[in-house]
Amino acid sequence: MKGLLDLRGRQLPNPIVALAIAVMVGFALVAILAPLISPHPPNAQSLMLRLRPPGTEGYLLGTDQLGRDVLSRMIYGARISLSIGVIVMVLTAMVGVAIGLVSAYFGGWLDTIIMRIVDIWLAFPFLVLAIALVAVLGQGPDKIVLALVLSSWPGFARPVRGEVLQLREREYTLSARALGVSPFGIMFKHLLPNIMPTILVLSAIDLGYNILALASLSFLGLGMGAETATWGGMLSSGRNYVATSWWLAAFPGVAIFLVVMSSNLIGDWIRDIYDPRSPFRAARNQAAGEARAARDAAAEPNV
Amino acid sequence: MINFVLHRFGQTLIVLFGVTVIIFFVLRVMPGDPVGLIFGEGDDMDLGESRRLYEEQLGLDQPLYVQYAKFLGEISRGEFGTSFVRGGEPVIEMVGRALPLTIELSVFALLIALAISVPIAILSALKQNTIWDRGGTAFALIGVSLPSFWQGIMLIMFFAVWAPIFPVSGVMDAHLRIDRITGAPITDAVLTGNWEAAWSVLRHMVLPAITLGTGISGQFVRVLRSSLLEVKHQDFIDALRARGISEPTVVRHMLHNALPTTAVIIGLRIGALLSGTIVIETVFAYPGMGFLLIQGINARDFPVVQGVVVLLTAMVIAANLLADILHGMLDPRVKLSGGTGSGA
């Protein structure tokens with residue numbers, strides 16, 4: 001498995017992908033360094049400087065209806081978006097991969113039951129389920145994370161299971177079993193490294209969806225509470241001033257768009273590097289595969 | 001074919017059952033204390049008596065399986081209770097007003113999505129690896145990455161504020177009335193010959209429908225393009241060309257073969273479309289299902305939330321079933337594989 005995660009020598013990123021990676025790294029740095037680079041505290045109000053346009057002295061991207069600096073709020077918003085996006089991605093991957101692995105490895109009735117549950121889960125419109133969960137769980141970062149993980153784990157479980165089903169019958173798995181390696185040893189030492197590419201691709205794309213979903217929830221007022229600076233929340237209040245203060249809604253949207261598009265580009269790139277015929281590739285020529293791929297595509301939340 | 005349909009029907013019933021269990025647990029059990037949620041905790045007023053009445057009304061004093069059976073019976077009869085907020089209006093009536101609006105908006109958005117995505121996908125696939133293809137792929141990427149609510153706000157800014165061509169929000173101009181037949185405004189206006197109202201509704205629907213439509217057209221372009229590419233390299237296409245068949249006819253044959261996958265994708269994207277309407281309806285203050293859901297959540301109007309979630313999910317499941325059956329009818333290979341469950 002040496003070098004599986006080593007991207008060098010496989011395919012260098014084309015300029016657009018390189019740009020996407022740069023954008024992601026840039027946003028990550030902004031998120032980490034927020035307190036250092038933010039020109040103002042995110043919630044510092046200045047009633048004298050309400051709704052100032054971009055370019056106002058000391059307020060590069062203008063101020064909002066309470067006189068808060070739009071740039072500073074966006075910088076702190078990056079923190080929330082990226083950290084929640086990454087946490088949800090990691091947790092979803094862990095839960096989904098574990099379930100998919102176990103389901104495929106043990107097979108039989110366990111597999112049937114788990115896959116039925118996955119079917120049921122995927123029948124929900126992603127955002128409707130997430131909204132319902134947030135509605136009962138309440139606001140706050142931990143609850144958002146829980147709601148998003150709960151509504152998106154099947155997106156990992158199903159493709160992982162499909163892949164493990166094939167690897168399960170390979171010689172190295174069979175010989176490991178013959179040598180008496182425990183089921184969990186086989187799953188985590190032998191199968192997991194081999195499905196890493198799938199997990200990486202799913203994760204990269206999942207990150208974008210998480211950030212988009214978080215923004216949607218915040219936009220709907222179901223996110224982090226009104227005080228916290230979130231891109232979705234800024235957009236939501238910006239909507240009310242769209243006739244007079246375009247910058248309030250315009251800039252946070254650009255940030256969301258850039259991050260989501262970059263993570264999609266990076267995901268597509270990793271997929272092309274590893275396996276152009278991986279199971280979640282949209283259209284396959286097998287009829288049965290088409291419907292399945294279609295359903296996987298449908299499992300992608302579109303918010 | 002009959003077998004296939006029955007098989008899919010059986011699967012759908014299982015899914016439907018599972019979905020009701022999840023909704024029941026999420027909305028009825030998880031909050032722990034839905035009644036407390038309604039009354040607000042730490043309330044100074046003595047609400048003991050009305051609390052008890054509410055608990056009794058919701059059947060919270062009974063064991064879980066009894067509650068679930070009751071819940072199942074109610075929703076299968078379309079009884080979603082009455083709104084906590086709007087003077088006890090039956091939820092089914094509120095939903096009955098909102099649903100046709102959402103359906104009409106979704107259909108409009110779907111038409112826009114097809115009108116955009118089919119030509120782009122054909123151009124992209126036929127001229128693979130050219131600048132046209134790059135453009136098509138870039139469009140698809142932007143389509144799936146653009147936050148729809150932001151796009152909606154930007155459209156409002158450009159086409160309602162800076163260049164006031166379209167109205168910002170609502171269903172139609174305030175002074176107009178439409179006689180209700182189906183509840184779907186354009187349909188009713190056309191049926192009653194009320195052209196002024198029809199025009200007004202259409203104008204109100206343009207911006208939200210474009211927002212929704214461009215969002216899902218990104219997905220459509222991706223899928224249709226790759227299924228066209230699959231077909232493009234098959235022998236029968238070369239054979240058609242070798243026989244000197246005109247290019248438009250060849251493209252028609254390609255489309256015919258790419259259709260089943262696309263039909264399924266459209267069916268399966270209904271869920272995304274409806275998810276999208278929740279956000280878009282909020283942006284444009286369009287009083288459909290999504291608007292109702294968000295209002296219900298903000299007002300803690302629990303029966304409304306439940307009714308909307310149940311109905312939206314049921315619609316998605318029905319659309320998925322239809323898509324699968326349609327797929328089976330369009331593509332004879334599907335039947336052989338005996339259904340399209342969660343297969344390997």
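Reader: What percentage of the 303 residues in chain A is buried?

Author: Buried residues account for 56% of them, where buried means under 20% relative accessible area with a 1.4 Å probe and protein chains only. This is a predicted model, in which local features need pLDDT of at least 70 and side-chain atom pairs count only at pLDDT 80 or more, while totals for chains, interfaces and linings use all residues. Residues are numbered from 1 along each chain as its sequence is written, chains are lettered from A and ligands numbered from 1 in the order in which they are written, and side-chain values use heavy atoms, with hydrogens and water left out.

Reader: How many helices and strands are there in chain A?

Author: Chain A has 13 helices and zero strands. Both are DSSP runs numbered from the N terminus, helices being H or I with at least four residues and strands E with at least two.

Reader: Which residues have the most contacts inside the largest nonpolar core?

Author: They are Ile131(A) and Trp231(A), in a core of 141 residues. Such a core is a set of buried Ala, Val, Leu, Ile, Met, Phe, Trp, Tyr and Cys residues joined through side-chain atoms within 4.5 Å. H12(A) gives the most to this core, with 16 residues.

Reader: And what is Trp231(A) in contact with, leaving aside neighbours within four places in sequence?

Author: Its partners include Phe27(A), Met74(A), Pro252(A), Ile256(A) and Val259(A). Contact means heavy atoms within 4.5 Å.

Reader: Turning to chain B, where does H7(B) bend?

Author: H7(B) bends by about 25° at Ile156(B). The bend is the angle between axes fitted to the seven residues ending at a residue and the seven starting there.

Reader: Why is H7(B) described as largely enclosed by the rest of the structure?

Author: Eleven of its 15 residues are buried, so H7(B) is largely enclosed. Among those buried are Phe149(B), Trp150(B) and Ile156(B).

Reader: What covers the buried residues of H7(B)?

Author: The cover includes H10, helix H11 (231–239) and H12 of chain A, together with H9 and helix H11 (247–283) of chain B.

Reader: What span should helix H6 of chain B have at 1.5 Å a residue?

Author: The 15 residues of H6 (residues 131–145) should span 21 Å, and the end C-alpha atoms are 21 Å apart, which agrees. The expected span is 1.5 Å times one less than the number of residues.

Reader: Which residues of H6(B) are buried?

Author: They are Asp133(B), Gly136(B), Ala140(B), Leu141(B), Gly143(B), Val144(B) and Ser145(B). Their cover includes helix H10 (196–219) and helix H12 (247–274) of chain A.

Definitions and conventions:
Buried means under 20% relative accessible area, exposed over 50%, partly exposed in between (1.4 Å probe, protein chains only).
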